[in-house]
Amino acid sequence: LILCDEFLAVDERNFHCWNYRRAMCQLAQQSSIQFARTKLDANFSNYSALHELATSLPSILDDSQAEELLELVAQAIFTEPDDQSHWWFNETLIRRIHHNHLLSHHVNALIQLQELEPDSKW
């Protein structure tokens, strides 16, 4: 894992290394969520880290996870509304949230974004 981390420090988009790291985490029974979050903190447009986070999340998120991740994706979408990776992750999150109160708040924020950025592609 340390070697993978070093490779990903050089090229954060190396999907071969991400795949290998994911397999090693599974063998070691470790979660890769924190590593992906660290990479996203360094560069929130890192599609590979978003993909890793999405593949590492449970199929149904609890309220605290859902709130935290919805806030993360909302900040990213409001910062760069034309970045497709955030919209993809947004869709992934919505499919894993089964609490209407969280979703309605998030949808209201997206409606507000649409009013602010009417020409946004996504």
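Aspartate 82 counts as partly exposed because its relative accessibility is 46%, where buried means under 20% relative accessible area, exposed over 50%, and partly exposed in between (1.4 Å probe, protein chains only). This is a predicted model, in which local features need pLDDT of at least 70 and side-chain atom pairs count only at pLDDT 80 or more, while totals for chains, interfaces and linings use all residues. Residues are numbered from 1 along each chain as its sequence is written, and side-chain values use heavy atoms, with hydrogens and water left out.

**Around the α5–α6 loop**

Aspartate 82 sits in the loop between α5 and α6; helices here are DSSP runs (H or I, at least four residues), numbered from the N terminus. Together with Glu80, Glu117 and Asp119, Asp82 forms a negative surface patch. Such patches take residues with over 30% relative accessible area and no salt bridge, and join like charges within 9 Å.

What about aspartate 83, buried or exposed? Aspartate 83 has 17% relative accessibility and therefore counts as buried. Aspartate 83 belongs to the loop between α5 (63-79) and α6 (84-96), and its side chain makes a polar contact with the side chain of serine 45 at 3.0 Å. A polar contact is a pair of N or O atoms within 3.5 Å; within protein, one must be able to donate a hydrogen and the other to accept it, and residues adjacent in sequence count only if both atoms are side-chain atoms.

**Salt bridges**

Side chains of opposite charge can pair when their charged atoms come close. A salt bridge is a side-chain nitrogen of Lys or Arg within 4 Å of a carboxyl oxygen of Asp or Glu, and by this rule the count comes to five. The table includes some of them.

| Pair | N to O distance |
|---|---|
| Aspartate 5 and arginine 21 | 2.7 Å |
| Arginine 37 and glutamate 68 | 2.5 Å |
| Glutamate 91 and arginine 95 | 2.4 Å |

In the salt bridge of aspartate 5 with arginine 21, aspartate 5 lies in helix α1 (residues 2-10) and arginine 21 in helix α2, so the pair ties together parts that are 16 residues apart in sequence. Arginine 21 is buried at 8% relative accessibility, whereas aspartate 5 is partly exposed at 25%.

In the salt bridge between arginine 37 and glutamate 68, distant parts of the chain are linked: arginine 37 is in helix α3 and glutamate 68 in helix α5, 31 residues apart. Arginine 37 is buried at 15%, and glutamate 68 partly exposed at 44%.

Glutamate 91 and arginine 95 both lie in helix α6, four residues apart, about one turn of the helix.

Terms used:
Helices (H or I, at least four residues) and strands (E, at least two) are DSSP runs, numbered from the N terminus. Patches are made of residues with over 30% relative accessible area and no salt bridge: like charges are joined within 9 Å, nonpolar side chains (Val, Leu, Ile, Met, Phe, Trp, Tyr) within 5 Å. Accessible areas come from the Shrake-Rupley method with a 1.4 Å probe; for residues, only the protein chains shown count as cover. Lys and Arg count as positive and Asp and Glu as negative; His and the chain ends are not counted. The place of a charge is taken as NZ of Lys, CZ of Arg, CG of Asp or CD of Glu.
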